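User: Hi! Could you walk me through this one? I'd like to go over the charged pairs, the metal sites and the packing.
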Amino acid sequence: MRCDHCSNDVPDGVFCTRCGAHQGTTEEFGDAKKREHRYAAHPGEHVATASIFTTLFPHLGHHKVHEFRWAFIAGLAGIMVLYLAGLITAAILVSAFLVPVLYLIYLYEAQVYRDEPATVLGFTIGGGLIVGIVITVVTQTFYQPYGGGVNPFASASVNIGALLLVGITFPIVQEVIKPLPAYFLPNRKDFPETVDGLVFGVASGLGFSLAETLISYSSVITGLPAHVTPGPWIYQLITISVLSPLLQGSCTGMIVATIWRQGLGKFNVREILAIAMAVLAHIAFATGSQIMKDTGDNPLAILIWQAVVDGALLIYIRYLLHHSLLEEAAHMGFSETVCPNCHMHIHASGFCPNCGVALTASPNSLKRNRRVRKAVPSETA
Ligand SMILES: [Zn+2]
Ligand SMILES: [Zn+2]
């Protein structure tokens with residue numbers, strides 16, 4: 001079969017294995033080449049879906065995503081139980097660790113770091129942790145969000161000085177410094193694909209998030225009696241366990257992904273917008289939360305605002321990754337393999353001809369098998 005979009009001869013299938021284009025002839029789904037109804041890392045979903053796991057954990061196949069989702073829900077349920085029991089200190093600690101620990105398991109599961117776990121983990125999660133400690137300690141000398149009091153919803157008017165600092169300066173400083181550990185990863189050349197950059201950035205952002213939460217809440221963690229009335233802590237806990245790590249991970253993931261794109265010589269409008277989007281989203285998240293906190297708005301409104309910002313970030317990440325995968329996956333050579341997404345035996349290059357998943361986003365064990373098989377015939381030839 002000859003692909004209408006890249007003119008290569010490819011095996012029969014719903015998708016072209018070289019360029020990933022949808023081979024359907026109907027106009028129903030819009031542009032077949034861009035195929036935005038079939039997200040390249042998870043073809044069951046549209047690109048514009050605000051899903052946490054298929055976006056920030058792009059190497060997971062169908063079943064694994066399901067497992068991670070349940071682990072996450074179980075973690076949230078555990079936090080809820082601790083909260084209802086009045087064990088706020090314990091609930092804060094579990095919230096701070098939940099997403100970073102899940103991510104560590106994901107990195108192990110997908111073997112994203114290949115043969116160099118120590119270097120990669122050190123320069124991503126480890127680097128993020130160190131940066132998080134340094135930045136949070138330094139920024140706390142300027143502004144102490146929860147200093148002394150245990151009720152963060154106390155003040156009544158907007159403090160402009162604090163707003164400029166917390167809402168604008170801190171987010172910009174953080175977004176400039178958080179990607180640095182991944183930027184200085186010494187063996188970056190071994191991980192050329194944008195999907196690797198994204199994952200390293202998310203890992204680094206989550207390391208940062210963990211350090212930031214532990215330090216910001218240190219006075220609460222050490223000062224609060226073991227058992228207190230649950231009260232308004234539930235809102236804080238949702239931010240600490242879900243919304244704040246999502247923000248930190250997504251922003252850095254997106255910025256590091258653009259660094260990887262730049263390394264591939266593909267730094268265009270989409271990448272510039274990604275950086276702008278990350279910085280603006282972080283500012284919007286911090287400014288909005290701070291204003292609503294100061295004016296004593298319903299804490300639920302703060303959570304909704306934070307969730308909206310996170311959702312928008314997730315969708316932009318998918319947009320960036322989708323197009324990166326379509327652009328970068330074309331040069332892998334044909335091999336027999338099993339699709340990590342639809343589990344069919346396929347003869348494929350860059351994309352599964354059956355479901356259209358980009359094989360660059362498959363777990364590394366699969367990629368390794370594939371390389372071996374490809375290398376054998378060329379050695380004997
Ligand atoms: Zn094609
Ligand atoms: Zn497939």
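Analyst: Happy to! One term to begin with: buried means under 20% relative accessible area, exposed over 50% and partly exposed in between, using a 1.4 Å probe and protein chains only. This is a predicted model, in which local features need pLDDT of at least 70 and side-chain atom pairs count only at pLDDT 80 or more, while totals for chains, interfaces and linings use all residues. Residues are numbered from 1 along each chain as its sequence is written, chains are lettered from A and ligands numbered from 1 in the order in which they are written, and side-chain values use heavy atoms, with hydrogens and water left out.

User: Great. How many salt bridges does the structure hold?
Analyst: Eleven. A salt bridge here is a side-chain nitrogen of Lys or Arg within 4 Å of a carboxyl oxygen of Asp or Glu.

User: What does R261 pair with, starting with helix α10?
Analyst: R261 forms a salt bridge with E271, at 2.9 Å from N to O. The two are ten residues apart, with R261 in helix α9 (residues 233-263) and E271 in helix α10 (residues 269-294). Helices (H or I, at least four residues) and strands (E, at least two) are DSSP runs, numbered from the N terminus. Both R261 and E271 are buried.

User: And where does E327 come in?
Analyst: E327 also meets R261 in a salt bridge, again 2.9 Å from N to O. Since E327 lies in helix α11 and R261 in helix α9, this pair ties together parts that are 66 residues apart in sequence. E327 is partly exposed, with a relative accessible area of 33%, whereas R261 has 1%.

User: Which residues make up the network?
Analyst: R261, K266, R270, E271, E327 and E328 are linked by salt bridges.

User: What about R318, which residue does its side chain meet?
Analyst: That would be E45, in a salt bridge of 2.9 Å, N to O. R318 is in helix α11 (residues 299-328) and E45 in the segment before α1 (53-56), so the pair joins parts 273 residues apart in sequence. Both residues are buried.

User: Switching to metals: what holds the zinc ion (ligand 1)?
Analyst: Its donors are the SG atoms of C3, C6, C16 and C19, at 2.2 to 2.3 Å. Donors are N, O and S atoms within 2.8 Å of the metal (3.2 Å for Na, K and Ca); water is not among the atoms, so sites may look incomplete. The angles among the four donor atoms run from 106 to 115°, and the site is tetrahedral. Four donors count as tetrahedral if all angles lie between 85 and 135 degrees.

User: And the zinc ion (ligand 2), which residues are its donors?
Analyst: C339, C342, C352 and C355, each through SG, at 2.2 to 2.3 Å. The angles of 105 to 114° make this arrangement tetrahedral. Along the sequence, the spacing is C-x2-C-x9-C-x2-C. C339 and C352 are both buried.

User: How is the spacing at the zinc ion (ligand 1)?
Analyst: There, too, the donors follow C-x2-C-x9-C-x2-C.

User: Last topic: which residues touch the most other members of the largest nonpolar core?
Analyst: I92, Y103, Y106, L107 and F200, in a core of 78 residues. The largest share, 15 residues, comes from α9. A nonpolar core is a set of buried Ala, Val, Leu, Ile, Met, Phe, Trp, Tyr and Cys residues joined through side-chain atoms within 4.5 Å.

User: What is I92 in contact with?
Analyst: Setting aside neighbours within four places in sequence, I92 contacts Y217, V220, I221, W233, L237 and I240; contact means heavy atoms within 4.5 Å. Another core, of seven residues, lies apart from the largest one and includes I346, A348, C352 and C355.

Technical notes: Tetrahedral: all angles 85-135°; square planar, octahedral: opposite > 155°, others 65-115°.
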